[in-house]
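Biologist: I would like to learn how to read the features of this model one at a time. Please give the general idea first and then the case.

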Amino acid sequence: MVCTLDIQIPVHFIGAGGIGMSALAQILLSRGHRVSGSDRRLSPAMESLKSAGMVAFDSQVAANFQALDHLDRPSPIVVISSAIPDHNPELVAARDRQLEVWHRSDLLAALIDQQPSIAIAGSHGKTTTSTVVTTLLHGAGEDPTAVIGGIVPCYGSNGHAGHGRLLVAEADESDGSLVKFGASLGVITNLELDHTDHYRDLDDLIATLQRFGHGCKRLLANQDDPILSEHFQADAWWSIQRSDNVDFAGLPVALEGDRTIADLYEQGNFVGQISLPMPGLHNLSNTIGALAACRMEGVPLEHLISHIPALKTPGRRFDYRGDWQGRQIVDDYAHHPSEVAATLDMANLMVSSGRSPLPRSPQRLVAVFQPHRYSRTQEFQNQFAEALISAELVLLAPVFSAGEAEMPGVNSEALASIMQELSTNQSVLVASTMDELVTLVKEHSLPDDLVLAMGAGDVNSLWSRLSQSSSEGQTPCPPALAA
């Protein structure tokens with residue numbers, strides 16, 4: 001379906017508070033569209049949209065459309081995400097009324113069609129790469145429109161309606177809908193099997209991303225990823241491992257706990273050196289991909305390099321939340337084995353090097369992990385175990401189902417058993433509830449620990465739960481460090 005936006009037609013979002021939906025709603029409001037939206041509660045995202053002019057509902061019921069009828073305006077287009085089931089009462093009512101229903105990807109595709117665009121896809125690093133592209137373009141005076149799956153620090157929002165030439169969009173592969181996007185420049189960071197609730201196997205995922213690449217006018221990809229280099233034909237490649245036979249490269253010179261120093265190359269020629277304030281090879285690769293995308297869109301290199309020292313990761317990507325009784329609490333979205341391994345490698349480097357972007361260099365790493373989805377946990381339990389044993393102490397939360405039915409034998413206890421088989425000295429404790437997880441953190445962590453909470457579920461509530469449980473010894477995150 002080819003969807004065309006008409007500013008005269010209102011747009012109603014079912015589930016407007018979601019990270020992807022709220023970005024789209026914010027952009028439409030900024031561009032003068034009449035927007036309404038519902039969610040199960042008036043979350044901070046909903047309150048922000050309401051303040052921007054959205055008609056907000058705190059429940060997803062048929063009566064919302066009756067309320068909209070009284071606003072004396074045309075019937076709205078209804079936008080949903082893959083998280084909205086067919087039996088949702090509000091969606092059922094919309095279809096009973098024969099309203100036009102779009103998937104959020106249809107709306108994003110319509111926005112992408114309106115202007116030159118950069119769409120960033122891949123199994124890992126999409127949000128960070130999209131954020132770095134957006135931040136660099138913003139610093140270079142390009143004022144891009146941005147639709148990102150995380151909070152972009154320079155905007156304090158996941159959606160921004162810019163006045164510049166370009167639109168930057170994170171292209172989510174989880175439901176396959178990114179094949180609708182016809183971006184001017186497509187970017188693929190890497191490819192690895194995930195979302196096994198949607199994809200049959202790796203070949204199915206590869207075929208979907210190939211369709212995405214073919215739909216873009218130009219394609220930029222990561223040469224270091226073996227699946228991309230074998231199965232994709234890109235217009236340009238980047239690497240952090242080699243500078244020959246690639247279009248863009250950033251070769252690490254020094255890996256430290258608070259930064260990465262790298263030499264930059266274009267077409268094999270040395271063009272400068274950067275000091276990236278985001279440690280870890282994964283962040284270096286994401287940044288080189290972002291720089292390459294900006295360069296392919298014609299932005300002068302000197303306009304980009306000068307803004308690299310100010311780069312920050314998006315929200316929930318090694319996000320320092322605050323100090324609780326001497327423990328530095330960090331929140332991270334890592335929920336795939338490769339992401340967990342990369343995040344732990346970065347945290348361990350901070351401990352071993354004595355250098356860190358945190359207020360103090362941590363003395364020990366405590367990993368708090370919440371498996372996300374039974375299907376993912378079952379598929380990758382051995383890989384999760386191998387990644388997690390790099391932490392001195394691991395605390396496991398119950399599996400966050402994300403709406404999936406429980407699978408027999410797939411749980412955090414089984415994951416802990418595999419970890420202990422791999423490393424007989426491994427310290428791992430399992431919580432049966434989130435309240436018990438908080439108790440484990442209190443009882444087993446020490447002052448000067450880095451307590452790193454990882455997962456895509458409600459483990460991100462660890463900081464607030466600790467804060468609420470004790471008001472002593474607690475220092476909130478200073479604004480300069482908030483991601």
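Modeller: We start with terms: helices (H or I, at least four residues) and strands (E, at least two) are DSSP runs, numbered from the N terminus. Two strands pair if DSSP finds at least two bridges between them. This is a predicted model, in which local features need pLDDT of at least 70 and side-chain atom pairs count only at pLDDT 80 or more, while totals for chains, interfaces and linings use all residues. Residues are numbered from 1 along each chain as its sequence is written, and side-chain values use heavy atoms, with hydrogens and water left out.

Biologist: Which residue stands opposite V147 in β9?

Modeller: In general, strands of a sheet pair through backbone hydrogen bonds, either parallel or antiparallel. Here V147 stands opposite A169 in β9, and β7 and β9 pair in the parallel sense over three bridges. V147 also stands opposite G159 in β8; β7 and β8 pair in the antiparallel sense, again over three bridges.

Biologist: What is the strand order of the open sheet?

Modeller: The open sheet has 10 strands in the order β8-β7-β9-β6-β10-β11-β12-β13-β14-β15, and its pairing is mixed. Its edge strands are β8 and β15 (269-276), each of which pairs on one side only. From one strand to the next the twist averages 20°; angles run from 0 to 180 degrees between N-to-C directions, and axes are lines fitted to C-alpha atoms, for helices over the stretch in contact.

Biologist: Which strands does helix α6 touch?

Modeller: Contact means heavy atoms within 4.5 Å. Helix α6 (residues 126-139) packs on the sheet and touches β6 (117-121), β7 (145-152) and β9 (167-170), with its direction at about 130° to that of β7. Helix α9 (residues 281-296) also packs on the sheet, touching β6, β10 (185-188), β11, β12, β13 (248-255), β14 (260-266) and β15; its direction makes about 150° with that of β13.

Biologist: How many residues of β7 are buried?

Modeller: Buried means under 20% relative accessible area, exposed over 50%, and partly exposed in between (1.4 Å probe, protein chains only). Six of the eight residues of β7 are buried, so the strand is mostly covered. L167, in strand β9, counts as buried at 0% relative accessibility. Beyond residues up to four places away in sequence, L167 touches L111, I112, Q115, P116, S117, I118 and T145. L167 and Q114 are 53 residues apart in sequence, with their C-alpha atoms 9.1 Å apart in space.

Biologist: Is S157 buried or exposed?

Modeller: S157 counts as buried, at 18% relative accessibility. S157 lies in strand β8 (residues 157-160). A polar contact is a pair of N or O atoms within 3.5 Å; within protein, one must be able to donate a hydrogen and the other to accept it, and residues adjacent in sequence count only if both atoms are side-chain atoms. A polar atom of the S157 side chain lies 2.9 Å from the backbone oxygen of G159. Leaving aside neighbours within four places in sequence, S157 is in contact with G150, I151 and V152.

Biologist: Where is a positive phi found in a residue other than glycine?

Modeller: Most residues other than glycine have a negative phi, and most peptide bonds are trans. H195 is not a glycine, yet its phi is positive, near 55°. H195 is found in the loop between β10 and α7 (202-215) and is buried, with a relative accessible area of 13%. Q98, also not a glycine, has a positive phi of about 60°. Q98 lies in the loop between α4 (89-96) and β5 (101-103) and is exposed, with a relative accessible area of 73%.

Biologist: At what angle do α14 and α15 pack?

Modeller: Angles under 35 degrees count as roughly parallel, over 145 as roughly antiparallel, 65 to 115 as roughly perpendicular and the rest as oblique. Helix α14 (residues 434-444) and helix α15 (residues 462-469) pack at about 70°, with their axes 10 Å apart, which makes α14 roughly perpendicular to α15. By comparison, the axes of helix α11 (residues 337-353) and helix α12 (residues 374-388) come within 9 Å and cross at roughly 0°, so α11 and α12 are roughly parallel to each other.
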